[in-house]
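We will go from stop to stop, and each stop says what to select.

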Amino acid sequence: MIAGGRSINYLRISVTDRCNFRCQYCMPAAPFAVIPHHDIATYEEILKITRLACEMGITKVRVTGGEPFVRKDIFSFLERLCRMDVLSDISITTNGAILTRDKIQALMDMGIKRLNFSLDTLDPDRFAAITGRNRFERVWDAIMSAHTLGMAPVKINTVVLRGINDDEIAAIAGLTRTYPFHIRFIEYMPMGESPMEKQQQMLTTEISEIIEAELGPLTPMPHKANDGPAKKFQLQDAPGVVGFITPISSHFCSECNRLRLTSRGTLRPCLLHNYEKDILTPLRNGASDIQLKGIIQAALGHKPLFHTLGENMPKNIPISHMTSIGG
Ligand code: SAM
Ligand code: SF4
């Protein structure tokens, strides 16, 4: 599938809008309604849409949410996904809080080689303040289990916010000197009706300056096929990698190979544009495979050439929070 000159081979599947955490930057500040269960795509429906998308060129899938592991029977869904031979790469983004060592081993046994954990602080009290949950130790244990079981690379996503965790930038980057982790600093994207304050946002230039001032030079690394949008660097003598994902300061739209399937069964060609195309209703109404593929193609026709978040604020802020789209 081609969209605006870009070959689309990567599907991000959000299996749920629900989460066991309440991260300040991801969830609405005010009480909010979750999607009713009957409006959420069943696993059967997700697998069908994925199979059709694969026939059109998708080869990589990331499962996300909300928190994917809070959805019932997620392991049997993942097993079925792993049996799709056409998929060369299946990964999962998780907060890790309910991933025990045994569950991580089960994921590895079914063929999942990569997990991305989210971790914004190394301080348990601050962790509770950011996520609304006192679960630092459990998340750290899950990360260490993934590491000691041999999952490689273990990736850690860190969203940096001024006044919240910017004093830990060097400590978090410094983990790459001890562990072969890929730490990826992600620029905060203002989303939904209650975005964080503009002055809390930190751009990559500032983050990398802090790392270099405290830990020494960051040496750029060559870009490999599975790197996605991260720009990768290494600290001297570090087994791990420091990456930056820069949707705001330097967008990577011209290389974006992604299509999203939200948990309510809509196709979203761009995270930062509100356009979504419903594929679940036609599927439930008996649309043929050819018609459903037409819907996928039509959705991609709306993939913008670039996003405008950061310009003309706050008008261009996406209306949904990350948790309901699928990060
Ligand atoms: N619950 C899982 C987790 O936290 O990894 C998966 C879903 S979460 C929405 C996926 C990623 O999106 C997380 O790494 C999170 O830090 C990131 N994220 C959420 N809201 C964000 C925002 N407004 N800007 C940048 N990243 C955000
Ligand atoms: Fe949940 Fe992940 Fe969003 Fe945190 S970032 S609230 S863990 S979906």
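Stop 1: Select Thr-205, Glu-209, Ala-213 and Glu-214. These exposed residues sit on the face of H7 that is turned away from its buried side. Exposed means over 50% relative accessible area, buried under 20%, and partly exposed in between (1.4 Å probe, protein chains only). Helices (H or I, at least four residues) and strands (E, at least two) are DSSP runs, numbered from the N terminus.

Before going on, two notes on the model. It is predicted: local features need pLDDT of at least 70, side-chain atom pairs count only at pLDDT 80 or more, and totals for chains, interfaces and linings use all residues. Residues are numbered from 1 along each chain as its sequence is written, chains are lettered from A and ligands numbered from 1 in the order in which they are written, and side-chain values use heavy atoms, with hydrogens and water left out.

Now select the buried residues of H7: Thr-204, Ile-207, Ser-208, Ile-211 and Leu-215. They lie on the same side of H7, because they cover an arc of only 95° around the axis. The arc is that of the directions from the helix axis to the C-beta atoms. An α-helix has 3.6 residues a turn, so residues three or four places apart point the same way.

What does the buried side of H7 pack against? Show helix H6 (169-178), strand S8 (182-186), strand S9 (218-220), S10 and S11. Contact here means heavy atoms within 4.5 Å. Then step just past the end of H7 to Gly-216, which takes a positive phi of about 95°.

**Stop 2: helix H6.** In H6, 7 of the 10 residues are buried, so this helix is largely enclosed by the rest of the structure. Select Ile-169, Ala-170, Ile-172, Ala-173, Gly-174, Leu-175 and Thr-176 to see the buried ones. Their cover includes helix H5 (136-148), S7, S8, H7, S10 and S11.

**Stop 3: the sheet.** Switch to cartoon view. Follow the 12 strands of an open sheet in the order S9-S10-S11-S8-S7-S6-S5-S4-S3-S12-S13-S14; the pairing is mixed. S9 and strand S14 (277-278) stand at the edges with a single partner strand each, so one side of each has no neighbour in the sheet. Two strands pair if DSSP finds at least two bridges between them.

Zoom in on S6 (residues 114-118) and S7 (residues 154-159). They run parallel and are joined by 4 bridges. Ser-118 has Asn-157 of S7 as its bridge partner. Move on to S8, which pairs with S7 in the parallel sense over 5 bridges. Here Ile-156 is partnered by Ile-183 of S8.

Is S8 buried or exposed on its two faces? His-182, Arg-184 and Ile-186 are buried on one side, and Ile-183 and Phe-185 are buried on the other.

Stop 4: Select Asp-237, in the loop between strand S10 (231-235) and strand S11 (241-245). Asp-237 is exposed, with a relative accessible area of 74%.

**Stop 5: a buried threonine.** Thr-50 is in helix H1 (residues 43-55). Its relative accessibility is 0%, so Thr-50 counts as buried. Leaving aside neighbours within four places in sequence, Thr-50 is in contact with Leu-11, Ile-13, Val-61, Leu-81 and Met-84.
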